Structures are given as structure tokens and as C-alpha cells.
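Thank you for asking for comments on this structure. The sequence and the model are shown below for reference.

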Amino acid sequence: MQMSRRVVIFLLCALWIAAVAARVSTTSPRDTPYYDGASAMAYRHAMEVAEGHSLSAHDVKAGSPSGYVPDRYRAAGAEVITGLAYRAVHLVSEIDGRPFTRRFIVILAALCVFTAYGVASRLWGSRGAGLLAAFLVAFMPPLVKTTNGREFTHVIFAAFFVSLHAALALRALFPHRDDPGGRMTVPVRMLGAALAAFVLLWVWEPAPYLIAAWVVPVALMGRFDVRLRRWFVVSQALTMLAATCVLPHLLATHAFGSWMVAAAVSAAVAALLPGRARAQWRAPAVFVAGTLLLTVVATP
């Protein structure tokens with residue numbers, strides 16, 4: 001039986017509410033309002049953002065004994081997003097920072113219900129497969145325990161943005177027959193996937209590897225529509241280049257000259273080759289040669 005879009009949306013909303021309830025109702029052997037370890041430092045930086053302080057300033061209380069600059073030391077997107085959200089909520093509520101952060105993490109983790117549905121339904125071409133994936137994300141005990149708000153880690157934020165990027169990328173590369181719109185929706189889909197990639201690069205340190213893992217197969221495999229492949233690969237490569245020139249932690253690690261960026265740029269060049277130039281081994285050869293050349297040139 002085919003389910004209508006309204007029924008699917010209703011079921012997903014119900015699963016999201018149930019996912020939030022499952023995470024809120026979990027118990028922890030360490031029942032304390034305080035974070036510890038890396039979570040405590042991430043929470044501290046988030047509250048600094050909420051108070052209007054910049055993470056680009058040197059923090060002598062972090063990384064003893066010399067301290068460090070938080071947004072250059074590691075990706076700071078999770079802390080900035082949480083801090084700005086708390087600052088907005090605090091305008092209308094007197095909620096304390098720790099319970100807000102826990103609830104914010106729970107809500108964000110539960111949103112993976114929607115992204116998991118988007119990925120699975122597009123991969124298998126079935127709404128039933130998407131609902132099954134959403135159900136597993138909502139109630140699998142390891143996921144519930146990890147995302148119940150007791151830890152504040154970048155991986156929890158990455159889980160949502162990785163699945164969001166995958167859902168938008170698959171939607172852009174494999175448009176469905178019942179998708180509304182026409183040619184004008186292609187740039188919109190590609191822009192959505194590019195924005196998701198940029199945010200992912202902002203919140204998670206290993207994100208450049210993931211973006212490269214998306215771009216290279218799409219550029220070299222022949223099963224994709226030529227126009228969609230070029231749009232996707234070029235937009236993702238440009239997003240990675242822009243991120244390495246803007247995001248502080250990527251600037252600090254000189255990611256602009258990394259082999260991941262070289263691979264993404266070379267994949268874009270291979271994707272832009274005309275049909276005859278891509279015959280047999282030419283596109284992979286262009287990709288490999290371009291990656292090696294750019295890596296060697298950028299190494300100094």
C-alpha cells in the first residue's frame with residue numbers, strides 16, 4: 001500500500017516526538033548537572049559565545065599551561081550554534097545553560113529521524129525503507145544513550161549534519177519523478193547540498209575526508225547524469241575551497257594545501273571533461289595526476 005506524503009510526514013513527526021521522549025527519559029549512572037572532560041570545555045566555549053565573547057581570542061584557561069585559541073584549535077561550529085541558540089532562547093526564558101544544552105542536543109539528535117528517512121528512502125526508492133531507518137534512529141539503545149544530552153561532543157552534531165548532507169546530495173543527484181519543479185530546482189538542490197557541506201566542515205574536523213569521499217566517486221563514475229554530476233562536484237569543490245579560506249580551524253591547519261582539497265579540485269576538473277575526453281582511463285588519469293601535482297605544489 002502506497003502511503004501519501006501527509007501520512008509520511010505525520011509518522012515522521014510522531015517518531016521525532018518519540019525519539020525526544022526516549023532520550024529525555026534515559027537515566028545515567030552519573031546523575032549530575034555538570035559536564036566533564038571534553039564536553040565540559042565544549043560547554044564552556046558555548047556559554048562564552050552566548051555571553052557575546054569571541055572564540056577567536058586566546059583562552060588561557062583552556063589547554064593548560066599555555067592555553068589556545070578555541071576556534072583555531074578545533075572546529076567550533078557546534079559551540080557557536082549552541083551558544084547562539086541559548087542566547088536567543090534566553091531573551092524569552094530564564095532557563096539555565098546546562099539544561100538548555102541537554103535539551104538542544106536531544107532535539108538535534110532526534111532530528112536525525114527526518115534525515116535518516118531522506119537517505120534511506122532515496123537509496124532504496126521506498127518510503128517503507130525510510131520509515132524503518134527513522135524508527136531505528138529513534139529507538140536504537142546505543143544511539144539513544146549516546147545522544148541523551150549527557151555528552152557535548154562534535155560527533156553528535158556531525159551525525160545530524162552528515163545525514164543531512166547525504167540526504168540533500170542524494171536528492172540532488174537522483175531527482176525523483178514526483179519532485180516538484182523543473183530545471184530551476186537543480187541549482188537550489190545543489191546549493192542546499194553545498195550549504196550542508198559548509199556547515200559540516202564548520203562543526204566536524206574529519207569533514208574534509210567525507211566531502212572528498214563524496215566528490216571523487218561522483219566525478220569518476222558514469223552512472224550519474226552528466227549535468228547533475230558537474231553541478232554537484234563543482235559546487236562541493238568550491239565549498240571546500242571557500243571553507244578552507246574562511247573557517248579558522250581549517251586556516252590553522254593549512255587545509256587549503258591538503259590532499260583532500262587537491263582531490264576535490266582534480267575531481268571537479270575530471271567531471272568537467274567533455275564526453276570523449278572521459279573515455280576509458282582518461283578521467284581517472286586526470287584525477288590522479290591533478291591530485292599528485294596539486295599536493296606537491298601546495299606542500300611547501
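Predicted model: local features only at pLDDT ≥ 70, side-chain atom pairs only at ≥ 80, totals over all residues.

The numbered points below take up the model by topic.

1. The main nonpolar core. The largest nonpolar core contains 63 residues. Those with the most contacts inside it are F152, F157, I211, W214, F232, V233 and A267. Helix α9, residues 154–173, supplies the largest share of this core, namely 10 residues. A second, separate core has 12 residues, including L15, V106, A110 and Y117. In soluble globular proteins, nonpolar side chains tend to be buried together.

2. Contacts of I211. Apart from residues up to four places away in sequence, I211 touches H165, A197, L200, L201, Q236 and M240.

3. Helix α9. This helix has 20 residues, and the distance from its first C-alpha to its last is 28 Å, close to the 28 Å expected at 1.5 Å a residue. Because 14 of the 20 residues of α9 are buried, the helix is largely enclosed by the rest of the structure.

4. Helix α5. The end C-alpha atoms of α5 are 20 Å apart, which agrees with the 20 Å that its 14 residues should span at 1.5 Å a residue. Of these 14 residues, 10 are buried, so α5 is largely enclosed by the rest of the structure. The buried residues are G97, F100, T101, R102, F104, I105, V106, L108, A109 and A110. Their cover includes α1 (5–24), α2 (37–50), α4, α6 (112–124) and α9. At the N-terminal end, α5 is capped by D96, a side-chain oxygen of which lies 3.4 Å from the backbone nitrogen of R98.

5. T101 within α5. T101 belongs to helix α5, residues 97–110, and is buried, with a relative accessible area of 0%. Its side chain reaches the backbone oxygen of G97 at 2.7 Å. Leaving aside neighbours within four places in sequence, T101 is in contact with Y35, Y43, M47, T82 and F152. F152 is also among the residues with the most contacts inside the largest nonpolar core.

6. Which side chain of opposite charge is nearest to D71, and how far away is it? D71, in helix α3 (residues 70–73), is buried yet has no salt bridge; the nearest such side chain is that of R72, 5.9 Å away. The side chain of D71 does reach the backbone nitrogen of S56, at 3.5 Å. Not counting residues up to four places away in sequence, D71 touches L55, S56, A76, P248 and H249.

7. The salt bridge. The structure holds 1 salt bridge. In it the side chains of E205 and R74 meet at 3.3 Å, N to O. The pair links distant parts of the chain, 131 residues apart: E205 lies in the loop between α10 (185–203) and α11 (207–220), and R74 in the loop between α3 and α4 (77–89). E205 is partly exposed, with a relative accessible area of 29%; for R74, also partly exposed, the value is 29%.

8. Backbone geometry at H254. H254 has a positive phi of about 55° although it is not a glycine. Most residues other than glycine have a negative phi. H254 is found in the loop between α13 (248–252) and α14 (259–271), where it is exposed, with a relative accessible area of 62%.

Technical notes:
Residues numbered from 1 in each chain as written. Heavy atoms only, no water. Core = buried A, V, L, I, M, F, W, Y, C linked by side-chain atoms within 4.5 Å. Buried < 20%, exposed > 50% of the residue type's maximum accessible area, 1.4 Å probe, protein only. Helix = DSSP H or I, 4+ residues; strand = E, 2+ residues; numbered from the N terminus. Contact = heavy atoms within 4.5 Å. Lys, Arg positive; Asp, Glu negative; His and termini not counted. Salt bridge = Lys/Arg side-chain N within 4 Å of Asp/Glu carboxyl O. Polar contact = N/O pair within 3.5 Å; in protein donor to acceptor, adjacent residues only side chain to side chain. Expected span 1.5 Å × (residues − 1).
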